[in-house]
Structure formats: structure tokens, C-alpha cells
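Hello,

Here is the structure I promised to pass on. Please open it and keep it beside this email while you read.

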Amino acid sequence: MKLEDIIKELTDCVSIGHIDGAREIIGRYLAFCDIKNCGSNGILASLDFGKESTLLLDAHIDEIGMTVTHISDTGFLTISNAGGIDLKQLPSREVIIHGKKDVSGIFISTPPHLSKDDKKLSDIKEIKIDTGLGDKAKDIISVGDFVTYKNEFLKLGDKRICAKALDNRASCAMLIYLAQRLKDKELPVNLILLFSDGEELGLRGARTAVYPLNVSQAVVTDVSFGNAPDVPSDKSGKLGFGAMIGISPILNKTITEKLISIAKENNIPYQSEIMGGTTGTNADVITLTKSGIKTGLVSIPLRNMHTDCEIIDLTDIENTASLLESYIMSGGIN
């Protein structure tokens, strides 16, 4: 199956809290691996070649969303965020409430004729969801039910894709694509793919899923800020210009330098992402696991982060897979 089809299936599904649609998809695509469900921490897919060294690749599967906190008698919902939500883009957005059955809803939007120009949204509780169900809403929806964005998978030109949850299903699709390229090869290291849960709620899944593993080294894969007219160029990567290799005090310098060297030697496009401290990714907790795991970071540029219309370039995913394939076949670092 094409990379584009994998991405579509992963972004069309819902994985938030106890709703874990991505796990079934990953297990099906990686049936040739040894699959282990790690409860609320994620899912592991392993290729064991009996080698001394084991390399971990991580990508988180959870998406941002919301939780219902109150249901009015007229069917309007008050919600709380589950992960980072961009409040300014919520009014008039379509969502799905995952109650006893899925229910469509719309964030209400005050007409410009009646709104104050200087009013800025500061609390997600201010923006209600209209279900259209009136007093029947409580029969289907309960406090605590999850809410996710509804957005159709959209192709922009030949190589760009717009969808919800590309943070971080883009990396999940990349790891599936990579594993399928490797499945008939003898690897110089054992390989574990961790599709971790709870990253958007404080890096929770990777923090605990990695602990029992005997891992020699790790590379975290995620998305990072993609260039746009209002995004500073020194804090973003260009879409279509390759993977963003993280450079940070918390990351292992040897892994970072080897990733850069491999990219140069194999003419694989890449970009540098400079961070003065922590990375805001699962690398922050994996580097602290047990006595510390040597960890690198590779990210895919993404526009409109934490919205329902995130945008990536397929060539960046393909080049990220090529970079990691070369790194794996080199054996990584000692």
C-alpha cells in the first residue's frame, strides 16, 4: 500500500484516551513484527535478530482533543482541552462527540455584528459546542466523553497532505513505511518500534513503556514547526526540504552527528533544528529512563500544528524514512 494511503487511514481514525483506533491499523500493517500491547502506554512492534545492540524508534499515536465537562438542557456542551488547543481557530469548527454513538457538533461563533473587536478568547469553557440535539443530548452524550476534530483528508497538489492528527500520525506512517522497507533485510541491530500514547498529555506513554526494555540507543520521531508567512524562519523547517535533525544539549551528540553524516553521504535532504534546552518531545523522557538512554531526534516539518488542518509534504516523510533506514543499516552507534 502507498504511503499516502497509510497516512489517510491513520488520520481518519481516532486515538484519544481509551479510544485507540490507530493501534489496530498499526498491528495490521506490521503483522510481520512481534506485536505487544503496552496497555495505556502504547504498542510495540519488534524485529529481533539476536544482536547485542537494540535500537528503539518512537512515534506517538495520540491526538489532541477535548473532553465534555457540562451538558446544558438545551444541548450545548462545555468542554475542556485534552492536549494543547489553539483557541482562536475553534469558532465554527466541526467536531465529533464520541458518546453512546458518534454525534456531530459545531463550535458556536458569535456574529461579527454582535462581537466586541477587542475581545480575545482566553478560556476554552467560553466556546460552546452546538449539538442540535436540544434536551435529547444527555441521552446520547455524557460528561467525560471525548471530542475530536472532524476534517476530511485533503491532497494539496502532488505531494502535500492536509488532515487532522498529522501530529504525530505522520511519523507513525513513516515508521510503518520504514518497517515494510526493512522486513526482508538482515539488520545489524535489533529494532523496536514504539507507538507511544499520551505524549500530548505530558509525554506519559514513552516515560513508562521504555522502562522495561533493554535498549542501547533511541531515535524519537515527531513533527516540528513548518514554515509559513507568520512563522519565524529560525524556528521552523521548510516543507519539502527534508527531515529536521534535532540539535540539543539533552540529545546524544554522537547520534546527532551520525545522522547528519549519513544524510550528507547519501545525499538525503535534511535540515537542522536547534534547541537550547529540552525538545518538547518524547526524547526528553527517554533520555532520563533508567541510567539514561542515548537518544536522537528527527522531526517532520508540519504547518498549522495543533489544528484540524495540519499540512505535511510526502517527500519529507520519504526522506526521513531513507535517513533512518541508512542509520539502522549502519548499526547506529556503539
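This is a predicted model: local features need pLDDT of at least 70, side-chain atom pairs count only at pLDDT 80 or more; totals for chains, interfaces and linings use all residues.

Packed helices are described by the angle between their axes and the distance between the axes.

Now look at the residues where the two helices meet. From H1 come Asp5, Ile6, Glu9 and Leu10. From H2 come Ala22, Ile25, Ile26, Arg28 and Tyr29.

Which residues of H1 are buried? H1 spans residues 3–12, and Leu3, Ile6, Ile7, Leu10 and Thr11 are buried there. They cover an arc of only 120 degrees around the axis, so they sit on the same side of H1. What covers them? The cover includes helix H2 (21–29), strand E13 (160–163), helix H4 (166–182), strand E19 (310–313) and helix H8 (314–329).

Next, the sheet. Strands pair through backbone hydrogen bonds, either parallel or antiparallel. Here three strands form an open sheet in the order E12-E13-E19, and the pairing is antiparallel. The edge strands are E12 (154–156) and E19, and each of these pairs on one side only. On average, neighbouring strands are turned by 25 degrees against each other, direction ignored.

Zoom in on one pair. E13 and E19 are joined over four bridges, in the antiparallel sense. Isoleucine 161 stands opposite isoleucine 312 in E19. Then find H8, which lies across E12, E13 and E19. H8 runs at about 55 degrees to E19.

Last, the nonpolar cores. The largest has 58 residues. Ile7 and Phe195 have the most contacts inside it. H4 gives the largest share of this core, ten residues.

Leaving out residues up to four places away in sequence, Ile7 touches Phe153, Ile161, Leu166, Ala173, Ile312, Leu314 and Ile317.

Best wishes

How values were computed:
Residues are numbered from 1 along each chain as its sequence is written. Side-chain values use heavy atoms; hydrogens and water are left out. Buried means under 20% relative accessible area, exposed over 50%, partly exposed in between (1.4 Å probe, protein chains only). The arc is that of the directions from the helix axis to the C-beta atoms. Contact means heavy atoms within 4.5 Å. Two strands pair if DSSP finds at least two bridges between them. Axes are lines fitted to C-alpha atoms, for helices over the stretch in contact, and angles run from 0 to 180 degrees between N-to-C directions. A nonpolar core is a set of buried Ala, Val, Leu, Ile, Met, Phe, Trp, Tyr and Cys residues joined through side-chain atoms within 4.5 Å.
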